[in-house]
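Colleague: Please show me the chain, and then we can go through some questions about it.

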Amino acid sequence: MRIALQLAEQSQLNGDVPFGAVIVKNRCVLAAIGNSEHADQNVTRHAEVKAVSAASTLTGTRNLTGCTIYSTVEPCPMCAGAIFHACIDRVVYGMSRDDLPHLFRSRAIRLWDLAQDWHYNPQITGGVLKDEAIAAFSNYNDAFRVAHTHQDEESQPSGFFSTLALQ
Ligand SMILES: [Zn+2]
């Protein structure tokens with residue numbers, strides 16, 4: 001988890017959300033990677049999805065049975081899908097959305113609900129080095145909030161149809 005936290009810091013230095021993930025099997029690190037969704041302008045570039053992809057590339061298999069993923073944050077539904085598809089046995093995360101309620105909307109469907117919906121039963125452990133994971137947001141916090149407040153103010157109407165309306 002300490003490696004994941006360092007990668008989260010690196011993501012922040014690159015202008016991204018400070019999340020990191022590491023996949024380990026038999027005490028060997030198969031993947032260690034940070035979030036780059038802003039740097040890459042690609043929403044699939046979450047740390048956990050990237051880590052699953054890198055570990056599969058390294059091992060040459062889509063099946064990551066026997067692996068543990070360490071993530072600085074409770075994986076989102078997209079990342080949980082990748083983790084469960086890959087049959088990762090253990091998920092360890094730092095903070096959850098509940099830990100930063102002023103930044104994140106709470107989520108009605110949680111990681112363990114998604115696992116159950118997949119008929120999948122990974123071992124899930126939360127709150128590991130949670131304080132450090134939250135601390136990573138101490139510098140990121142303001143920029144994130146300002147960006148989202150600004151976006152909210154300008155979001156009427158928003159998206160594809162408003163883009164069309166402007167053309
Ligand atoms: Zn995610």
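Colleague: What percentage of the residues in the chain is buried?

Modeller: This is a predicted model, in which local features need pLDDT of at least 70, side-chain atom pairs count only at pLDDT 80 or more, and totals for chains, interfaces and linings use all residues. Residues are numbered from 1 along each chain as its sequence is written. A residue is buried if 20 or more other C-beta atoms lie within 10 Å of its own, exposed if 12 or fewer, and partly exposed in between, with C-beta atoms placed from the backbone. Of the 167 residues in the chain, the buried share is 32%.

Colleague: How many helices and strands does the chain have?

Modeller: Both are DSSP runs numbered from the N terminus: helices are H or I with at least four residues, strands are E with at least two. From the N terminus on, the order is α-β-β-α-β-α-β-α-β-α-α-α. The count is seven helices and five strands.

Colleague: Which residues of H2 are buried?

Modeller: Helix H2 covers residues 47-59. The cover over its buried residues includes helix H1 (2-13), S1, S2, strand S3 (67-73) and H3. The buried residues are Ala 47, Glu 48, Val 49, Lys 50, Ala 51, Val 52 and Ala 55.

Colleague: Are H2 and H3 roughly parallel or roughly antiparallel to each other?

Modeller: Axes are lines fitted to C-alpha atoms, for helices over the stretch in contact, and angles run from 0 to 180 degrees between N-to-C directions. H2 and H3 (residues 77-85) pack at about 20 degrees, with axes 8 Å apart. Angles under 35 degrees count as roughly parallel, over 145 as roughly antiparallel, 65 to 115 as roughly perpendicular and the rest as oblique. H2 and H3 are therefore roughly parallel.

Colleague: Which residues of H2 and H3 make the contact?

Modeller: Two residues are in contact if their C-beta atoms, placed from the backbone, lie within 7 Å. On the H2 side these are Glu 48, Val 49 and Val 52. On the H3 side they are Met 78, Cys 79, Ala 82 and Ile 83.

Colleague: Is Asn 26 buried or exposed?

Modeller: Asn 26 lies in the loop between strand S1 (20-25) and strand S2 (28-34). Its phi is positive, near 50 degrees, whereas most residues other than glycine have a negative phi. Asn 26 has 8 C-beta neighbours inside 10 Å, so the answer is exposed.

Colleague: What is the phi of Arg 27?

Modeller: Arg 27 is in the loop between S1 and S2. Arg 27 is exposed, with 5 other C-beta atoms within 10 Å. Although Arg 27 is not a glycine, its phi is positive, about 70 degrees.
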